[in-house]
Structure formats: structure tokens, C-alpha cells
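Hi there,

Here is the structure I promised to pass on to you.

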Amino acid sequence: MYYPYGYYFDGTYILIIIGAIITLIASSKMNSTFRRYSRVRCHCGLTGSQAAERILNQAGIYDVSVERVSGSLTDHYDPKSKVLRLSDATYGSDSISAIGVAAHECGHAIQHQKGYVPLTIRGALVPIVNIGSNLSWVFIIAGVFMSMNQTLIHVGIILFSLAVLFQLVTLPVEFNASSRALRVLGNTGIMYEDEVHQARKVLSAAALTYVAGAAAALLSLLRLILLFGGNDRD
């Protein structure tokens with residue numbers, strides 16, 4: 001909405017604010033839940049790295065190495081190098097949180113082994129998204145400075161949409177990895193039933209961060225469409 005004397009009020013900023021709030025809430029929930037169950041030791045006495053190696057071996061995966069990576073909650077599985085990297089808080093800890101997160105990352109390795117389609121799609125999107133997410137703003141800003149050139153702006157929005165698509169594809173990948181993790185923790189006896197329930201709380205909190213990220217990305221895309229998605233503007 002335009003106002004006299006050159007002032008401009010962009011009401012779509014509320015979408016960015018909502019996305020930021022959702023993300024902060026999810027991150028806070030994840031951190032508090034992880035900390036809570038990082039103080040609860042698992043009966044098996046295995047550390048995160050030991051549990052990961054056992055799960056991988058029982059799944060018949062012998063070509064994936066387990067390494068330590070610095071940072072907090074930086075755990076991830078690298079399908080290109082076939083390396084499962086566990087953070088400082090996970091690698092050497094025998095807590096419910098540590099083993100739950102380690103098992104989740106093993107879930108990604110199992111997905112890779114079995115050719116889980118959403119994981120394959122996400123992997124294919126990575127290089128496109130890395131380039132597109134940066135170029136999107138270049139096109140949008142260039143379009144704005146070139147007298148609201150709709151072609152450039154629309155190209156930018158399409159490129160940004162790829163990043164949103166990546167966030168959406170990530171959801172089933174993460175949910176499935178957690179499901180596999182909880183199932184294997186219970187079936188192998190690494191965790192008792194009540195411990196699996198506690199691990200589920202940790203992984204559910206982690207899943208919320210991905211949901212929040214996807215929601216924030218969708219809200220950002222909606223804002224771009226509302227601002228620039230039309231044709232000729234006054």
C-alpha cells in the first residue's frame with residue numbers, strides 16, 4: 001500500500017516475521033528436547049558412534065565410515081563420500097539423544113542403500129538449488145532496478161521456488177529416516193521400549209525444524225509472489 005509523501009508500507013513483511021517466529025520456536029523446542037535427553041543414559045552403554053556402526057553393520061552396510069565433526073547438532077550423512085558424520089554432542093555420548101540422532105543419520109545411509117526415491121530427488125536438486133537460490137535474488141533485484149522488468153523477476157521467483165521445492169522434498173526424507181531409526185532401535189534391542197519413546201521425542205522435535213523451514217520458505221515465496229508476481233504494476 002502506498003502512502004502520501006513517498007512513504008511505502010509493505011504489509012507482506014508479516015509473512016517473514018511469521019516464518020522467523022515459527023523457525024525460532026521449532027529450534028528452541030529441538031534444543032531443549034535434545035538437552036533434556038542428552039542427560040539420560042541409554043541402558044546399552046553404546047556411544048553414538050558405536051551405535052551407528054552397529055546399526056550400519058546389521059543393515060549390511062560396510063562401506064560407510066563414521067566420523068566426528070565439530071559443532072553442535074551438525075550431524076549428517078554424506079551420500080557422495082559415504083560418510084556418516086556425528087557432532088561432538090553425539091559421537092562419544094551414550095545418551096538417548098545421541099543414539100537417537102546417530103540412528104537417524106543411519107536411516108539416511110539405509111535410504112541411500114535401498115535407493116529411496118525422495119532422497120535421490122533431493123540429491124539431484126542440491127546443485128541446482130545451490131546456484132538457483134543465490135541467482136534468484138540477482139534476477140529479482142535486477143528486474144526491480146530495470147523498471148520492474150517482469151521477465152527477470154519471474155525468472156527469479158522460479159529459481160527461488162526450486163529452493164522451496166528442496167525444502168518440501170526434504171520432509172519425507174527426514175520423516176522416513178526417523179521412522180527407520182526408531183524401528184531399528186527397538187528391533188535390535190539397542191533401546192528398551194520406553195527409551196525408544198524418549199528417542200521419538202528427540203527426533204520429532206528435530207523434524208519440526210524441517211517443517212518450520214519449509215513453512216518459512218513457503219511464506220517467503222508467497223511474499224515474493226504478492227510483491228512481484230503480478231503483471232504490470234502501477
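Predicted model: local features only at pLDDT ≥ 70, side-chain atom pairs only at ≥ 80, totals over all residues.

Let me start with the largest pocket, which has a volume of about 800 Å³. It is lined by 33 residues, and those closest to its centre are Asp75, His76, Glu105, Glu174 and Tyr210. H1, S2, H4, H5, H6 and H7 each supply at least two residues of this lining, with H4 giving the most, at 6 residues. By type, the lining splits into 14 nonpolar, 13 polar and 6 charged residues.

Now the salt bridges, of which the structure holds 6. Glu174 pairs with Arg122, with the closest N and O atoms 3.1 Å apart. Glu174 sits in helix H6 and Arg122 in helix H5, so this pair ties together parts that are 52 residues apart in sequence. Glu174 is buried, at 4% relative accessible area, and Arg122 also counts as buried, at 17%.

Another salt bridge joins the side chains of Arg68 and Asp88 (3.2 Å, N to O). Arg68 belongs to strand S1 and Asp88 to helix H3, so the parts tied together here are 20 residues apart in sequence. Asp88 is partly exposed, at 37% relative accessibility. There is also a network of salt bridges linking Glu67, Asp78 and Arg85; within it, the side chains of Asp78 and Arg85 meet at 3.3 Å, N to O.

Best wishes

Definitions and conventions. Residues numbered from 1 in each chain as written. Heavy atoms only, no water. 1 Å grid on protein atoms, 1.4 Å probe; cavity = no way out; pocket = protein on both sides within 12 Å on 5 of 7 lines; lining within 4 Å. Points joined across faces, edges and corners; volume = space filled by probe spheres on them. Helix = DSSP H or I, 4+ residues; strand = E, 2+ residues; numbered from the N terminus. Nonpolar A, V, L, I, M, F, W, Y, C, P; charged D, E, K, R; others polar. Salt bridge = Lys/Arg side-chain N within 4 Å of Asp/Glu carboxyl O. Buried < 20%, exposed > 50% of the residue type's maximum accessible area, 1.4 Å probe, protein only.
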